[in-house]
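This report describes selected features of one protein chain. The sequence and the structure are shown first.

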Amino acid sequence: MDSLKWLLPNLTVPTWIDITIAVAFCVVGWLFQHFVLKKIITSTVTFLKNRQRNFQATVLGQFNKAIRYAFMSAVIVLSLSNLLKVFLFTHFATKNFVLSIMVFFAFKGVYDVLHYYTKKPLELNSDEEQNVLLPFFLRIGKVLIMILAMFTIASFWNFNLNGFLTGIGLTGVAIAFGIRDTLAHVFGGMSVALDNPFQIGDWIATEDQKIEGTIEDINLRSTLIQTGDKGLVYVPNSYLVNRPIYNFSKREKRKCELFLYVAAENEEETLRSALSTIHQQIHLHANTEKELIHVYIDELYHASYRVLVRFYVATNDTAVMLNVRQDILFVIRQVVQDYEIVLAEQPDECKLEKK
């Protein structure tokens, strides 16, 4: 106890009764915050959700731990005040320490709210279209909250911030040269957010087909993509910015293209009638686009013709597109049988071109 008198000159030696009362007060405070205060906060959150006040409910729910920890800290300080016979909340030697704790928990609550919405940004966005910039601003907000909390606590202790800020500025310039690649990724992420070429949940692919999958998350440095064969891939934003990106989720129609090889011995009129019938059947299908249907002979070989069949399906669902393609293949097979069209093998020159 004598070693603490430099901090608290008026300190008196506590008795065992005082120690027992202080411990009992802490235990009662812990039981109150765990079984009463926690239940009050939870009930209030449920009440707000029932009233469709989801934002207020989320904020209070994320402040739950900060409120309870701040309450428990206050209980401990009061217990020590009674034990040492010194009111620590206002004593000049301990007031700043107590204020620092309370400020820390206040900023901790705000940080928890921002962290929650960083993980679930859609709950904060009232628009139907997702705002890709929102997660960036939330992450920046988390950093700003930590810096503001640090400066606020430092101000209680009369910390000289001028020299500290100058040192940070010089250090930041030196570090910037060493993390140029990282900064390129960060600015690439800002470019992705501003251009908004894709959103979380979109299916994208790069032009070289090296990256293809579903967007899981977009952060300042990289984009998290769920691929079909490689699992989760973290792609640097600068890589995506410098390459053409195909956003398959934005497609409103899918192209179907297939080729049919028919023997040159078939009569011209028979072929024309058969192709016209195929065109009509594609047009009659409920899920095909009516404006753009191609059924024509597009290449001539020594003993055969190549027939191009191209149409579009009004969907972005691969399963629906394949189902329509299957229907059209069955139709082509039936037309070939009805008109007694003689089919041909794929010419050797076509096989060589593919190789």
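**An exposed loop residue**

Glu252 is exposed, because its relative accessibility is 68% (buried means under 20% relative accessible area, exposed over 50%, and partly exposed in between, with a 1.4 Å probe and protein chains only). Glu252 is located in the loop between β5 (245-247) and β6 (254-263); strands (E, at least two residues) and helices (H or I, at least four residues) are DSSP runs, numbered from the N terminus.

The C-alpha atoms of Glu252 and Thr315 lie 5.7 Å apart in space, although 63 residues separate the two in sequence. When neighbours within four places in sequence are left aside, Glu252 contacts Val313, Ala314 and Thr315, where contact means heavy atoms within 4.5 Å.

**Basis of the values**

The model is predicted: local features need pLDDT of at least 70, side-chain atom pairs count only at pLDDT 80 or more, and totals for chains, interfaces and linings use all residues. Residues are numbered from 1 along each chain as its sequence is written, and side-chain values use heavy atoms, with hydrogens and water left out.

**Two packed helices**

Two packed helices are described by the angle and the distance between their axes. For helix α2 (residues 54-62) and helix α4 (residues 95-119), the axes come within 8 Å and cross at roughly 120°. Axes are lines fitted to C-alpha atoms, for helices over the stretch in contact, and angles run from 0 to 180 degrees between N-to-C directions. The angle therefore makes α2 oblique to α4 (under 35 degrees is roughly parallel, over 145 roughly antiparallel, 65 to 115 roughly perpendicular, and the rest oblique).

On the α2 side, Phe55, Thr58, Val59 and Gln62 meet Asp112, Val113, Tyr116 and Tyr117 of α4. Three of these residues, Phe55, Tyr116 and Tyr117, form one aromatic cluster.

**Aromatic pairs**

The count of aromatic pairs is nine; rings of Phe, Tyr and Trp (its six-membered ring) pair if their centres lie within 6.5 Å, and planes under 30 degrees apart are stacked, over 60 edge-to-face, and the rest tilted. The pair of Phe32 and Phe71 is tilted, because the ring centres are 5.4 Å apart and the planes stand at 40°. This pair links distant parts of the chain, with Phe32 in helix α1 (residues 16-50) and Phe71 in helix α3 (residues 64-84), 39 residues apart. Phe32 is partly exposed at 37% relative accessibility, and Phe71 is partly exposed at 29%.

Phe104 and Phe105 form an edge-to-face pair, 5.4 Å centre to centre with 65° between the planes. Phe104 is partly exposed at 44%, whereas Phe105 is buried at 14%.
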